[in-house]
Amino acid sequence: MSKSLGSVVDVVAEILLAQGGVWTLFLGLVLSAGWGVWKEVRARQAGRKVLSYNVLFNSRLGLDPPDAGELVRLHDRQDEVIADPSMVVVRITNEGRTDITNDDYQLPVELEFGRRTVKTVDVTEAHPPDLVRVVAPKVTADENRVVLPAEHLNSASRFKLLVLLSGHSEENVVRVGGVLKGGEIVDARRQQQRNVRNWRVATTVTASLCAGALIVVWLVNSAGLRPTPPGAPRCVEGTLDVGGSSAFGTAASRVVGSYTAYCEDATIRLSVSNSQHGLEQLRDLPDGDQSRVALSDGAADPNAFPGLVERAVAIVPFSIVVHPSVTGPGADSLTLSTAQIRRIFDGRQKTWRDVDPRLAPIPVKIVGRGQSGSRVTFERYVLGDGRTPRSQGERTSSDCMNRTYASEATILCEESTTASLLRRVAEVAGAIGYADAPDARQALPAVLPVRLDGRDTAPADLGAGYPFWTVEYVYRRQQSTGAASLASALVDYLTGDAQANVLTAAGYPACAHHTEICARR
């Protein structure tokens, strides 16, 4: 008897010491103790509809310090400054074993944010991925709440909401309401707590017998040896500032929100303005400083910005856009040649009728960017020959409506951000400008996209000769030690496979999947 017991102890010890043995023993515990409970729960919930919400992130973004200046203020899609910005990330999941149909919503699902005002809402990281195209266009926002559409959700379907808010609420809570026919809307965290209580009752006897194994599991977890879920970021505690390109700002905000939702001890402040400004801020840091990273449309000049670590992130396609008055009603796009664009910007064609007899007889008004990566890309690859840039022209107006400076050149004004340029093109009849393609699509139909030489911004056209694109790079300072930094962890997450599909779905084909195209620039 004692010999048999000794053999059993030896086997248990061998399992505990073997690689992965702790997890094998723990799995055996769960399976043996939970079998009966699982059958009971499954029988009870077979026809129950359960829509869960999980608030993954709910915090101020730490942007807009009073002395930071206008360049680092966060703007919404109407180019208005967001006062006291905060972000909420919520995962919505059909947890039940049956589908939730359109008719199951007796009252729509609403998320309320107290006294905070909703500025933007994005739907991302859906499963299946195409669910974004179903849900996103129908999500509505009204002051302090977001209302979800009554859409069919298959069992296990899920998506995330990224909500950018303005203002401060003392409670700083997210309230979720709604009514499901034959089901319930539950807080995922409370649901998990309820399930834990049920499991504790069912596993009391088995847990007592395996107490020693559970202690070992706890010690292993405390030592940081628990397995990391596939695609999860490498969490590093600290504070990091992200600056640079406004053209990539929307995509960057999604990645930052996803990282900080998973890594609660990381604080990341996003302050986009333009590529040049972000690189200058990074350059001015002391050697080895890891408190900031910079996003740049195109590679930085190593002579002007030495000592930086460079990583390619994604392709940034750009679109030329015009005011709808150029074509008149009914058109969904305009086709122009590169030669026509060059003649417009060098002032040889003053009206749209000069460009094409079929277009409106109204003056051309150019809306360009100030110092930015978007402008550098436009001047080099559209106006220039890909090697030598040509200037977009001299500024002659402050608002593109009236001539401010004494000049006979075409009216040309400059805007400091992508959002303000798109807004200006949408306001001024006869206007033409340029912006990154995903943000330009968000501005439709207030602006009209231009097909350049018969091509657009699809990845296939980028590889076939469409000239107006660049590669988004992320930069950080060289590390002076081998210690892990939040800067390197975020760069790894941004450029890794985990975010490649998210960036591509947002309109920025990831370099991880398009290495050949990215290598060209």
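Two strands are taken to pair if DSSP finds at least two bridges between them. In the predicted model described here, strand E3 (residues 105–112) and strand E6 (residues 145–147) are joined in this way by 3 bridges and run antiparallel. Within this pairing, Glu112 has Arg145 of E6 as its bridge partner. Both strands belong to an open sheet of 4 strands, ordered E5-E6-E3-E8 and paired in the antiparallel sense. The edges of the sheet are formed by strand E5 (140–142) and strand E8 (175–180), each of which pairs on one side only. On average, and with direction ignored, neighbouring strands of the sheet are turned by 20° against each other. The loop between E5 and E6 contains Glu143. This residue has a positive phi of about 55° although it is not a glycine. Glu143 counts as exposed because its relative accessible area is 56%, the cut-off for exposure being over 50%.

The chain as a whole contains 17 helices and 19 strands. Of its 521 residues, 46% are classed as buried. The accessible surface amounts to about 25600 Å², and carbon and sulfur atoms account for 51% of this area. Among contacts between residues at least 6 apart in sequence, 78% link residues that are at least 24 apart.

A further set of antiparallel pairings involves strand E7 (residues 158–166). This strand is mostly covered, with 8 of its 9 residues buried. Strand E2 (residues 85–94) runs antiparallel to E7 and is joined to it by 9 bridges; in this pairing, Leu165 of E7 is the bridge partner of Ser86. Strand E4 (residues 117–127) also pairs with E7 in the antiparallel sense, over 8 bridges, and Val123 stands opposite Leu161 of E7.

Glu125, found in strand E4, has a positive phi of about 50° although it is not a glycine. With a relative accessibility of 31%, Glu125 is counted as partly exposed. The peptide bond from His127 to Pro128 is cis, with omega near 0°, and Pro128 is placed in the loop between E4 and helix H3 (131–135). Another cis peptide bond joins Leu444 and Pro445, where omega is about 0°. Pro445 lies in the loop between helix H13 (437–442) and strand E18 (448–452).

Two packed helices are described by the angle between their axes and the distance between the axes. For helix H7 (residues 249–262) and helix H15 (residues 486–495), the angle is about 120° and the axes are 11 Å apart. The crossing of H7 past H15 is right-handed. On the H7 side, the contact is made by Val255, Ser258 and Tyr259, and on the H15 side by Leu486, Ala489, Leu490, Tyr493 and Leu494. The residues of this contact comprise 7 nonpolar, 1 polar and no charged.

Several residues of the H7–H15 contact are also touched by Gln499, whose contacts beyond four places in sequence are Glu125, Val255, Ser258, Tyr493 and Leu494. Gln499 is located in helix H16 (residues 497–505). Because its relative accessibility is 2%, Gln499 counts as buried, a class that requires a value under 20%. The buried residues of H16 are Gln499, Ala500, Val502 and Leu503, and the elements covering them include E4, H7, E13 and H15. Just after H16, Gly507 adopts a positive phi of about 105°.

Strand E13 (residues 308–322), one of the elements covering H16, contains Glu310. Glu310 is partly exposed, with a relative accessible area of 43%. Residues up to four places away in sequence aside, Glu310 touches Ala299, Ala300, Tyr473, Val474 and Tyr475. The C-alpha atoms of Glu310 and Ala300, which are 10 residues apart along the chain, are separated by 8.6 Å.

Note on methods. Residues are numbered from 1 along each chain as its sequence is written. This is a predicted model: local features need pLDDT of at least 70, side-chain atom pairs count only at pLDDT 80 or more; totals for chains, interfaces and linings use all residues. Side-chain values use heavy atoms; hydrogens and water are left out. Axes are lines fitted to C-alpha atoms, for helices over the stretch in contact, and angles run from 0 to 180 degrees between N-to-C directions. Helices (H or I, at least four residues) and strands (E, at least two) are DSSP runs, numbered from the N terminus. A crossing is left-handed if the near helix is turned anticlockwise from the far one by less than a right angle, and right-handed if clockwise. Contact means heavy atoms within 4.5 Å. Ala, Val, Leu, Ile, Met, Phe, Trp, Tyr, Cys and Pro count as nonpolar, Asp, Glu, Lys and Arg as charged, and the others, Gly among them, as polar. Buried means under 20% relative accessible area, exposed over 50%, partly exposed in between (1.4 Å probe, protein chains only). Accessible areas come from the Shrake-Rupley method with a 1.4 Å probe; for residues, only the protein chains shown count as cover.
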